[in-house]
Amino acid sequence: MNTLMDVLHHRPGWVEVKDEGEWDFYWCDVSWLRENFDHTYMDEHVRISHFRNHYELTRKNYMVKNLKRFRKQLEREAGKLEAAKCDFFPKTFEMPCEYHLFVEEFRKNPGITWIMKPVARSQGKGIFLFRRLKDIMDWKKDTRSSDDQKDDIPVENYVAQHYIENPYLIGGRKFDLRVYVLVMSYMPLRAWLYRDGFARFSNTRFTLNSIDDQYVHLTNVAVQKTSPDYHPKGCKWMLQRFRQYLASKHGPKAVETLFSDMDNIFIRSLQSVQKAIISDKHCFELYGYDILIDQDLKPWLLEVNASPSLTASSQEDYELKTCLLEDTLHIVDMEARLTGREKRVGGFDLMWNDGPVSREDGAHDLSGLGNFVTNTHLGCVNDRKKQLRQLFRSLQGQKKTPN
């Protein structure tokens, strides 16, 4: 189910442009951006759905490079304690250019599991786990003769990362979280966090005894749906359900700490690329963050997606993504309805506006230290869903009605 086309066609007053006609809004893909951005004149009001060098955050090697640089900057300017707030991504090496550094680290920690990921592919393609240096040497030989992938920036590289060997498990299965962050500007940084998202489960119980089984270790839906006994309902939980489950197991305080740590990931990662990304007034970006949680309830950033999947695998998935897109268009605000002072639009909460945004219903600061409750409600009940039931019915009614 293509939620994007449904929402765009349903929006009052919007008309799809055919062929090469003039347009005001373009939900483009990154290949269009590469080929056309520099040659396209855009009026003041025109909007497109990517920043031109989005890959500074969404390519795995660039993301890690920017986070490492930002961490060093924080250490110089604010000290080690502040820099430690960026320790939310696994130890990572870019391959093949950091191969010798990787080998040095590998030999320091024999026996641990590593994961290799191509920097520019998605949906779990090309990923493998390994524990022997021979596996990586074989890969290195293969890449010298391979001219396989030439996406985005010139030649495809890989990253080698410490594999998180102690993931938090539910029902014995591994999962990660998909969270949506909407950035309207980098200079100044203006970012919104969506309340809804989902946990994606592997189809097979977790074990480190079999590192070659993708169904155990990769939670991507594109991988899991190829499993013979895959069922979409068993492989996805909405974030509200996940949050309630954790609260019942660990108590509300532990859950608040975990979700606050995730807020830190979103903000620090965006700050790490703030000066690198070209903040064009015509651009916005809806990112899909992939977060893994370990047994100590520590969140880890796996990657950030520039084009998170907007197709739906179930009715619940369709409702979530339809709401998400509808609310994204409200914030992009082609119709100029917003005042600019909103802290909430639909299921989105403004979490950063050239500085942290506090909740209007937050606890009063009695310490004089400027403490406040962050304006984020990830995994909290999104009461707007009730208002959008009519939207779903009308969208699906249109599909059934003959032209």
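This is a predicted model: local features need pLDDT of at least 70, side-chain atom pairs count only at pLDDT 80 or more; totals for chains, interfaces and linings use all residues.
Is W32 buried or exposed? W32 is buried, with a relative accessible area of 14%; buried means under 20%, exposed over 50% and partly exposed in between, using a 1.4 Å probe and protein chains only.

Residues are numbered from 1 along each chain as its sequence is written, and side-chain values use heavy atoms, leaving out hydrogens and water.

Let's look at the rings. A pair of aromatic rings is described by the distance of the centres and the angle of the planes. Rings of Phe, Tyr and Trp (its six-membered ring) pair if their centres lie within 6.5 Å; planes under 30 degrees apart count as stacked, over 60 as edge-to-face and the rest as tilted. By this rule there are 24 aromatic pairs, and here are two of them:

| Pair | Type | Centre to centre | Between planes |
|---|---|---|---|
| Y26 and W32 | edge-to-face | 4.9 Å | 70° |
| F175 and F201 | tilted | 5.2 Å | 40° |

F175 and F201 are both buried. This pair links distant parts of the chain, 26 residues apart: F175 is in strand 7 (residues 173-186) and F201 in strand 8 (residues 189-205). Strands here are DSSP runs (E, at least two residues), numbered from the N terminus.

One aromatic cluster is made of F93, F102, F106, W114, F128 and F130. F93 also has a charge over its face: K68, at 5.8 Å from the ring centre. Such a charge is NZ of Lys or CZ of Arg within 6 Å of the ring centre and within 35 degrees of the ring normal. Likewise, R59 lies over the face of Y62, at 5.3 Å from the ring centre.

Notes. Helices (H or I, at least four residues) and strands (E, at least two) are DSSP runs, numbered from the N terminus.
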